[in-house]
Amino acid sequence: TWHICILQYCFLMEYSKIFHQCKLLLLTGWSTRHFFCNAGTNSFWINWKGNLTGCGLLDDPFEDLNIMPFHIAWSTISQKIEKILVTEECSYCARREICNVCPAKIKAETGSYEEIPYYICNMTEQIIKEADIFRQDN
């Protein structure tokens, strides 16, 4: 997976302006603080208890499918997911286009949506260093 991340970084460095413009077009009306994946928009997770969440990494918010029909639970989860944001520090970080952070990973790493996931920051720094070495060698 490191090689994929390195190649992804090289690609982003070469095409970052195009990538950024495309991302803004795709996310019209959304900030860089929302989920970039399909969580709560066209994908979901149902755990062993019958709780519906927007992502397999999330345990909250959830809706209990044992007491609520799927279409109502899905609508509710989608609205709740839309309100979950990454921290402002992550959103405006210079490495945001390279970093693989999302609100679910932030919560999994820190226990809160509001804290900075330093482990992910450190991992991104390592990917950048290795990608720079890879680019110099090739």
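A: This is a predicted model: local features need pLDDT of at least 70, side-chain atom pairs count only at pLDDT 80 or more, and totals for chains, interfaces and linings use all residues. Residues are numbered from 1 along each chain as its sequence is written, and side-chain values use heavy atoms, with hydrogens and water left out.

Q: Which residues in H5 are buried?

A: Buried means under 20% relative accessible area, exposed over 50%, partly exposed in between (1.4 Å probe, protein chains only). Helices are DSSP runs of H or I, at least four residues; strands are runs of E, at least two; both are numbered from the N terminus. In H5, the buried residues are Ile-120, Thr-124, Ile-127, Ile-128 and Ala-131. Seen down the axis of H5, they fall within an arc of 100 degrees, so they line one face of the helix. The arc is taken from the directions from the helix axis to the C-beta atoms.

Q: Which residues are exposed on the other side of H5?

A: Tyr-118, Tyr-119, Asn-122, Lys-129, Gln-136 and Asp-137 are exposed there.

Q: Is Glu-63 buried or exposed?

A: Glu-63 is buried, at 9% relative accessible area. Its place is in strand S3 (residues 63-64).

Q: What does the side chain of Glu-63 join in a polar contact?

A: A polar contact is a pair of N or O atoms within 3.5 Å; within protein, one must be able to donate a hydrogen and the other to accept it, and residues adjacent in sequence count only if both atoms are side-chain atoms. Here the side chains of Glu-63 and Lys-80 are joined at 2.6 Å.
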